[in-house]
Amino acid sequence: MEKRLKQLPKLAEDARKENLKYFTNLKKRVPKNLDYVVQELHDAEFKKTDCLTCGNCCKTTSPIFTDKDTERIAKSLKMKVADFQKQYLERDEDDFMVLKSAPCTFFDETDNTCFIYDVRPKACAEYPHTNRKKFIGITDLTVANTAVCPAAYNIVEALKKRIPYEYNVKKKRS
């Protein structure tokens, strides 16, 4: 897994332009079954992918913390919300609440587990977001996630094979 994680940013960067073009074109004519296909690819990928062997998302990025997340986690840690925010969070350039540091404060690097797993932020629970309805609306996020999550990368590559986009091919009506 370590070797794959070292290769992933370059693989994702090499595929980035192609992926953005693919999704731009796909948005022009969204297949009716897109969410179904992506869900199927997501399920197949996560049957063979164990996040505990990776943990790259926890090591390198921060989720967005909603007010509900902050309240739930603070309560679980027996802290006041303001104290939790002051100790662990900051506002990013997009005005979202995120962790002050990476790797995640609640991440145990010895076994890739999470100290607050049962109350973790919604963004963590849904990561890499490849099983969401209206998937076409989060394709930019998905392309960004391919540089962090091997499963997201594999799902996008499988999607391009499953629903290929034929570039510059004019179809004749019969």
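Beyond its neighbours within four places in sequence, Thr146 is in contact with Leu8, Ala12, Ala152, Tyr153 and Val156, contact meaning heavy atoms within 4.5 Å. The structure is a predicted model, in which local features need pLDDT of at least 70, side-chain atom pairs count only at pLDDT 80 or more, and totals for chains, interfaces and linings use all residues. Residues are numbered from 1 along each chain as its sequence is written, and side-chain values use heavy atoms, with hydrogens and water left out.

Thr146 lies in the loop that separates α7 (139–145) from α8 (150–162); helices (H or I, at least four residues) and strands (E, at least two) are DSSP runs, numbered from the N terminus. With a relative accessible area of 1%, Thr146 is buried, where buried means under 20% relative accessible area, exposed over 50%, and partly exposed in between (1.4 Å probe, protein chains only). The side chain of Thr146 reaches the backbone oxygen of Val143 at 2.5 Å. Between Thr146 and Phe135, eleven residues apart in sequence, the C-alpha to C-alpha separation is 15 Å.

Two packed helices are described by the angle between their axes and the distance between the axes. For helix α1 (residues 2–28) and α8, the angle is about 40° and the axes are 10 Å apart; axes are lines fitted to C-alpha atoms, for helices over the stretch in contact, and angles run from 0 to 180 degrees between N-to-C directions. Residues making this contact include Leu8 and Ala12 of α1, and Tyr153 and Val156 of α8. The contact of α1 with α8 comprises eleven nonpolar, two polar and four charged residues. In this division, Ala, Val, Leu, Ile, Met, Phe, Trp, Tyr, Cys and Pro count as nonpolar, Asp, Glu, Lys and Arg as charged, and the others, Gly among them, as polar.

Cis peptide bonds were also examined. The bond from Ala102 to Pro103 is cis, with omega near 0°, and Pro103 is found in the loop between β2 (97–99) and β3 (107–108). The bond from Tyr127 to Pro128 is likewise cis, with omega near 5°; Pro128 is placed in the loop between α6 (122–126) and α7.

Positive phi values occur at non-glycine residues. Lys78, in the loop between α4 (67–76) and α5 (81–88), has a phi of about 55° and counts as exposed at 76% relative accessibility. Asn112, in the loop between β3 and β4 (113–114), has a phi near 60° and counts as buried at 15% relative accessibility.

Definitions and conventions
Polar contact = N/O pair within 3.5 Å; in protein donor to acceptor, adjacent residues only side chain to side chain.
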